[in-house]
Amino acid sequence: MREDSWDAGDMGCGELIVLLRKRVRALIPGGVLHLTARDPGAVEDIPAWCRLTGHFLRNAEHPFYDIERKKED
Amino acid sequence: MAGKLCVSLTNAKNDTDKATVAFVIANAAVGSDQETLVFLSTEGVRLAVEGYADDIHETGFAPLKELMANFVEAGGTIFVCSPCFKKRGLDENTLVKGAKIVGGAKLVEFLASGAPCVSY
């Protein structure tokens, strides 16, 4: 998948992260997920998750996040 | 995977809040590409029995059964303390998917490789 959108609602913390991983891994390398995450923890968690996993946070304007899947695992 | 993390859990229905949050954190770890181990010991081993966690649903969290299933599906490992399991007379033929009964050496091996551990 080249592009996907996901409204995670109020989901946060590990519940959000484990499903976010699944969503991003369904993309082709370089593909983009448009995520909506309203949990207040997402402001810090999403950038931290991108640093940990190597995916690129293209844009972050809470609650909207554009995450680009890294080119190689 | 980038790193390792162990989540040690010693509670089940005696403290469903701790049991739930342990798996939420484990999901955060495995979802962040960490090699993640949940180590169930003492009362926590009850969670490894199929069906036991089905009615655990803390307010504000996903049902525990769902958290455990997502954890295993994402590649997480569940180790179950053998003497704790045996002491409670539980049936090793009814383990949840992804759970494995182990002795202390397996936990020590994982931690000795440099994995940090958070306990609930």
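Mentor: Helices (H or I, at least four residues) and strands (E, at least two) are DSSP runs, numbered from the N terminus. This is a predicted model, in which local features need pLDDT of at least 70 and side-chain atom pairs count only at pLDDT 80 or more, while totals for chains, interfaces and linings use all residues. Residues are numbered from 1 along each chain as its sequence is written, and chains are lettered from A and ligands numbered from 1 in the order in which they are written.

Trainee: Is the crossing of α1(A) and α1(B) left-handed or right-handed?

Mentor: The two axes come within 7 Å and cross at roughly 35°; axes are lines fitted to C-alpha atoms, for helices over the stretch in contact, and angles run from 0 to 180 degrees between N-to-C directions. By the rule above, the crossing of α1(A) and α1(B) is left-handed.

Trainee: How many nonpolar residues are in the contact of α1(A) with α1(B)?

Mentor: Residues are in contact if their C-beta atoms, placed from the backbone, lie within 7 Å. Cys13(A), Gly14(A), Glu15(A), Ile17(A) and Val18(A) meet Val24(B), Ile25(B), Ala26(B), Asn27(B), Ala28(B) and Val30(B). For the classes, Ala, Val, Leu, Ile, Met, Phe, Trp, Tyr, Cys and Pro count as nonpolar, Asp, Glu, Lys and Arg as charged, and the others, Gly among them, as polar. Beside 2 polar and 1 charged residues, the nonpolar ones number 8.

Trainee: Which element gives the largest share of the side of chain A that touches chain B?

Mentor: Across the two chains, 11 residues of chain A are in contact with 15 residues of chain B. The elements of chain A giving two or more residues to that side are α1 (13–25) and α2 (42–53). The largest share, 8 residues, comes from α1(A).

Trainee: Which strands of the open sheet in chain B stand at the edges?

Mentor: The sheet has 5 strands in the order β4-β3-β2-β1-β5, with parallel pairing, where two strands pair if DSSP finds at least two bridges between them. Each edge strand has a single partner, so one side of it is left without a neighbour in the sheet. Those strands of chain B are β4 (99–102) and β5 (117–119).

Trainee: What is the bridge partner of Gly3(B) in β2(B)?

Mentor: Strand β1 (residues 3–9) of chain B runs parallel to β2 (residues 34–40) of chain B, and 7 bridges join them. Within β2(B), the partner of Gly3(B) is Gln34(B).

Trainee: At what angle do α1(B) and α2 of chain B pack?

Mentor: Among the residues of α1(B) in this contact are Phe23(B) and Val30(B), and among those of α2(B) are Leu67(B) and Phe71(B). The whole contact has 9 nonpolar, 3 polar and no charged residues. With the axes 9 Å apart, the angle between α1(B) and α2(B) is about 25°.

Trainee: Which residues make up the covered face of β2 in chain A?

Mentor: In a regular strand the side chains alternate between the two faces of the sheet. The uncovered face of β2 (residues 32–36) of chain A has Val32(A), His34(A) and Thr36(A). On the covered face are Leu33(A) and Leu35(A).

Trainee: Where is Pro63(A) found?

Mentor: A cis peptide bond, with omega about 10°, joins His62(A) and Pro63(A). The strands β3(A) and β4(A) pair in the antiparallel sense over 5 bridges, and a hairpin joins them through 2 residues. Pro63(A) is in the loop between β3 (56–61) and β4 (64–68) of chain A.

Trainee: Does Asp33(B) count as buried or exposed?

Mentor: Asp33(B) lies in the loop between α1 and β2 of chain B, and its phi is near 65°, a positive value in a residue other than glycine. A residue is buried if 20 or more other C-beta atoms lie within 10 Å of its own, exposed if 12 or fewer, and partly exposed in between, with C-beta atoms placed from the backbone. Asp33(B) has 20 C-beta neighbours inside 10 Å, so it counts as buried.

Definitions and conventions:
Left-handed = near helix turned anticlockwise from the far one by under 90°.
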